[in-house]
Amino acid sequence: MNIHEYQAKQLLAPYGLPIPRFGVADTPAEARAIATAFGVPVVVKAQVLVGGRGKAGGVKLANSPDEAEAAARLILGMNIKGNVVRRVLVSEAIDIGKEYYLGAIIDRASKRVVVMASEEGGVEIEQVAALRPEKIIRVQADPFLGLFDYQARELAYAVGLPLNLVGDFVKVAKSLYRAVTEWDATLVEINPLVMAANGALWALDAKMVLDDNSAFRHEFEQLRDVEAEDPFEREAREMGISYVKLDGNIGCVVNGAGLAMATMDLIKLKGGEPANFLDIGGGAKADTVAAALRIILSDPKVKAVLFNIFGGITRCDEVARGILSALEKVPTKVPLVVRLVGTNEKEGREILKQADMITATSMDEAAALVVEVSRK
Amino acid sequence: MSILVDRTTRLLVQGITGREGQFHTRQMIAYGTKVVAGVTPGRGGQMMDDVPVFNSAKEAVRTTGANTSVIFVPAPFAIDAIIENVDAGLGLVVCITEGIPTIDMLRTYHYVREHGARLVGPNCPGLITPGECKVGIMPGYIARPGPVGLVSRSGTLTYEVVNHLSQAGLGQTTCLGIGGDPIIGTSFIDALSLFEADPATEAVVLIGEIGGSDEEQAAAYIATSMSKPVVGFIAGRTAPPGKRMGHAGAIISGSSGTAVEKMRALADAGVNVAESPAEVATLVAKVLGR
């Protein structure tokens, strides 16, 4: 789960990170009030869950409360890559000397927390990784003992940080490591970490990605920006359905994430365009199938829907009854193609004969059929 | 022959009295798996059908000689179960549970390795050696004995491919689901090296998906260390970047972890890459000269 910069700064502040004073504003008047209270130049920053805010005009320097109010008026309501700005962060401005990158991630390859630094801060680290990979220095934290000071010092030396700042840098690096482990983050990033013109170290921006699997032991739900979420993705999540909306016109209802992806790929291979990824999970209960169908059909572009269910141990007659009762709850004129395999598949197909559905026995056949009917 | 599980497997089910644990224990026994013990703290002395239940894994292992375990406990308690099973001396621990915090898996991964045990999963369907032993939740009837080893990050997609193989008369030595999480105990490379060493396996099927670089590492291993033919399939060519596709591990970050990249890496390593699950069976038949 992605969270906003201001939320990341709120979570990181207790670690003693050098974060410039900031406030959060939903209106230009609030932005003015924060700037007035600080009494110094501020930066007004759009709070959206995508990168590239600066390039999109979502970050502005304001030298006075008047300018802060004007900047907030300009940024609030702005659309940045499909995300409407509803909130801005107003932060004390720092006179930038040099920008560094510092981040801690869960590294899948080494199965360790890796802390990374670069002397090329302020740009997307992916870009640095692609163009000048030697400019990114990494150290691996021991899974049991954690990150050692000397490892953080190695990073500081490697990025050429002035020696009088190494101690502060080590504190920041160790805080990021602790934040990963204590907040169940998969990524914590300070980009840029800035050496100010007067020589002090500042964490100017912060990004955190939290592990959805850890929601049971944190109050992540309070951090979720439900307004920024697609309303149907939200409904799906609340129903325990994995759903991702895409741009095509063929809806798919599948059990299992891998099979769902393979189904989308096959639709594309047969010349169609999938409208979504959707995994109904195990069991395929009527309520879940009904919710899945309702969510898919809420997209007016959808011209046909494919059900691809590999029953496995789940009984197909049960799944079929689930689909029937879902169709009663969500009647539709959109053509439906169903492919059902597993225990009691014949009984399942028999039950579905009562419904106005096109049945297929193989995934290939089902994908070809759904592409065909989507064109009628 | 086979890998990891066979007729000699003596299985312990951790969480045997829960709904999932009971259901799948019965399925595994019906398949022919020797389920010798169950563990549910506080339920020691009871029976689950004909299986004795113990309070701890140590006691269960000491009493029954269990050598493999399968875990069906909820995510908040799953790490404790994995470590308990390893400390009880079980050499193979298969964790079905989905939703374990990633940070916890880091330490667990290293702990299991350092104690000489092997973890399969978490968030996996388990494994099956057709006609001999099934550990986990795979539907047993789709698998047939034969010369094909199969390893996959997925669940139902695995069943789809196994079904195609069996219907084409291409049986399997062992079908292994390694799990869809970012941090898993057994990697593609681990599985490939086991199949390479198994005399009965003549060809290997690798089913990957978007996210991470496990498939790319597998490709490098295949190019240098595999003599047996490999057929690959990667799910998620139509997946958009930055979105988690169901599995916690199935996410394209920035421009890395795409299906196209993985398919290219496998093809460059000499792997026959299928366009669809059905084509996997066609390609396996081809590499086996059938």
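**Close-up views of a predicted two-chain model**

View 1. In strand E2 of chain B, Ala37(B) is the bridge partner of Leu12(B), where strands are DSSP runs of type E with at least two residues, helices are DSSP runs of type H or I with at least four residues, and both are numbered from the N terminus. This is a predicted model, in which local features need pLDDT of at least 70 and side-chain atom pairs count only at pLDDT 80 or more, while totals for chains, interfaces and linings use all residues. Residues are numbered from 1 along each chain as its sequence is written, and chains are lettered from A, and ligands numbered from 1, in the order in which they are written. E1(B) and E2(B), residues 34-39, run parallel and are joined by five bridges; two strands are said to pair if DSSP finds at least two bridges between them. Four of the five residues of E1(B), residues 10-14, are buried, that is, 20 or more other C-beta atoms, placed from the backbone, lie within 10 Å of their own.

**View 2. The side of chain A that touches chain B.** Here 45 residues of chain A are in contact with 45 residues of chain B, a contact being two residues whose C-beta atoms, placed from the backbone, lie within 7 Å. Helix H8(A) gives the most to this side of chain A, with eleven residues, and among the other elements that each supply at least two residues are helix H6(A) (166-183) and strand E16(A) (304-315). The residues on this side of chain A divide into 23 nonpolar, eleven polar and eleven charged, where Ala, Val, Leu, Ile, Met, Phe, Trp, Tyr, Cys and Pro count as nonpolar, Asp, Glu, Lys and Arg as charged, and the others, Gly among them, as polar.

**View 3. Domains 1 and 2 of chain A.** The domain assignment of chain A gives domain 1 (1-19 + 95-227), domain 2 (21-93) and domain 3 (230-374), with bounds that come from an automatic or database assignment. The C-alpha centres of domain 1 and domain 2 of chain A lie 23 Å apart, and the contact takes nine residues from domain 1 and eight residues from domain 2.

How values were computed. Buried ≥ 20, exposed ≤ 12 C-beta atoms within 10 Å, placed from the backbone.
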